[in-house]
Amino acid sequence: MNQEKYKDDLKDIKDMMSRSSRFISLSGLSGVSAGIVALIGAYAANKVVYSKQIVDGYRNILLTHEMVYELIGIALVTLVVALTLGIFFTTRKAKKNKQKLWDTQTQRLLINLLIPLVAGGLLCLILLFKGFIGLVAPLTLIFFGLALVNASKYTLTEIRSLGIAEIFLGLLATQFIGQGLLFWAIGFGVLNIAYGIIMQMRYGS
Amino acid sequence: MKEILKDLNKAFENKVRLGIMSALMVNDYLDFNTLKGLLDVTDGNLASHLRSLENSGYVTFKKEFLDRKPNTQYSVTDEGKEAFVKHIKAIEQLLN
């Protein structure tokens, strides 16, 4: 009997099923770099918020309009740098895997990631301008987590548990309003770095 | 043994056809170029294997127009699904 051939066939079937339906070139390094950028961003935001005022108890922090714009600026720069690095590392890995970067799988992944992410982002901007600043940090974490869970069907399955961890952290953060930056640093920084390292070890660069 | 061999499907012996079926099993639809990219084969080669799977009744297609360019979307039929699952089960039994 030609056992070897059928073993090969079975391997080919599994490989083709995952290659044709999931984006498998997500690089662990992109998680690590996004986490580091997030930590730097959180540090910068921390400076903006706490350096320009006399703190009299953490609940009485005053944010001027100017500071809000500065914070949004920091957030945008952080986002752009993290995305650029992520795209760079993922492109490199896709080339190695001989997987096209822009195909049906990537498009499906991005669309499913972006639906909860954009909805949450817009909601947070609205809340920010209405003055509900304390809720922004928990909500961004929750929506980021939902986006990851939603996108995990189209990429490596570990993304799902990262998403669940982010949702849990976001819910926890609602109990510590005023410590938003700290939770942000944990969720977007530490968790991303930890997952990036795990993925890197499991799947290589 | 004879029972198992009966379920092994000649249509899926070929690597390209096996690849086409595997990809279509986990996607609702795939177009010609996506399949071509996944399998790394020439137009003619892919077309002839797709035709043979169509003739067996395992694969079906619908033509659409995307930006006025014809775009053929392939999908697996119920019959194709059944045959493919049988084929995989037979392989697994053989290997056990």
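Buried means under 20% relative accessible area, exposed means over 50%, and partly exposed is anything in between, using a 1.4 Å probe and protein chains only. These legends describe a predicted model, in which local features need pLDDT of at least 70 and side-chain atom pairs count only at pLDDT 80 or more, while totals for chains, interfaces and linings use all residues. Residues are numbered from 1 along each chain as its sequence is written, chains are lettered from A and ligands numbered from 1 in the order in which they are written, and side-chain values use heavy atoms, with hydrogens and water left out.

**View 1. Two non-glycine residues with positive phi in chain B.** Asp40(B) is not a glycine, yet its phi is positive at about 60 degrees. You'll find Asp40(B) in the loop between α3 (32-39) and α4 (43-55) of chain B; helices here are DSSP runs of H or I with at least four residues, strands are runs of E with at least two, and both are numbered from the N terminus. Asp40(B) is exposed, at 70% relative accessible area. Arg68(B), also not a glycine, has a positive phi of about 65 degrees. Its loop lies between β2 (59-66) and β3 (69-76) of chain B, and Arg68(B) is exposed too, at 79%.

**View 2. Where chain A meets chain B.** The contact (heavy atoms within 4.5 Å) takes 18 residues from chain A and 21 from chain B. Together the chains bury about 1800 Å², 67% of it on carbon and sulfur atoms; buried area is the accessible area (1.4 Å probe) that two parts lose on being put together, summed over both. Between the two chains there are three salt bridges, each a side-chain nitrogen of Lys or Arg within 4 Å of a carboxyl oxygen of Asp or Glu. On the chain A side, the elements giving two or more residues are α1 (3-21) and α4 (104-130). The largest share of that side, 14 residues, comes from α1(A).

**View 3. Asp9(A) and its salt-bridge partners.** Side chains of opposite charge can pair when their charged atoms come close. Within chain A, Asp9(A) forms a salt bridge with Lys5(A), and here the closest N and O atoms are 2.9 Å apart. Those two sit four residues apart in helix α1 of chain A, so about one helical turn separates them. Asp9(A) is buried, at 1% relative accessible area, whereas Lys5(A) is partly exposed at 26%.

View 4. Glu158(A) forms a salt bridge with Arg202(A), the closest N and O atoms being 2.7 Å apart. This pair links distant parts of the chain: Glu158(A) is in helix α6 (residues 158-173) and Arg202(A) in helix α7, 44 residues apart. Glu158(A) is buried at 10% relative accessible area, while Arg202(A) is exposed at 55%.

**View 5. Helix α7 of chain A and its kink.** α7(A) (residues 180-203) has 24 residues and reaches 33 Å from first C-alpha to last, close to the 34 Å expected at 1.5 Å a residue; the expected span is 1.5 Å times one less than the number of residues. A kink of about 25 degrees is centred on Ile186(A), where the bend is the angle between axes fitted to the seven residues ending there and the seven starting there. Gly204(A) follows α7(A), and its phi is positive, near 70 degrees.
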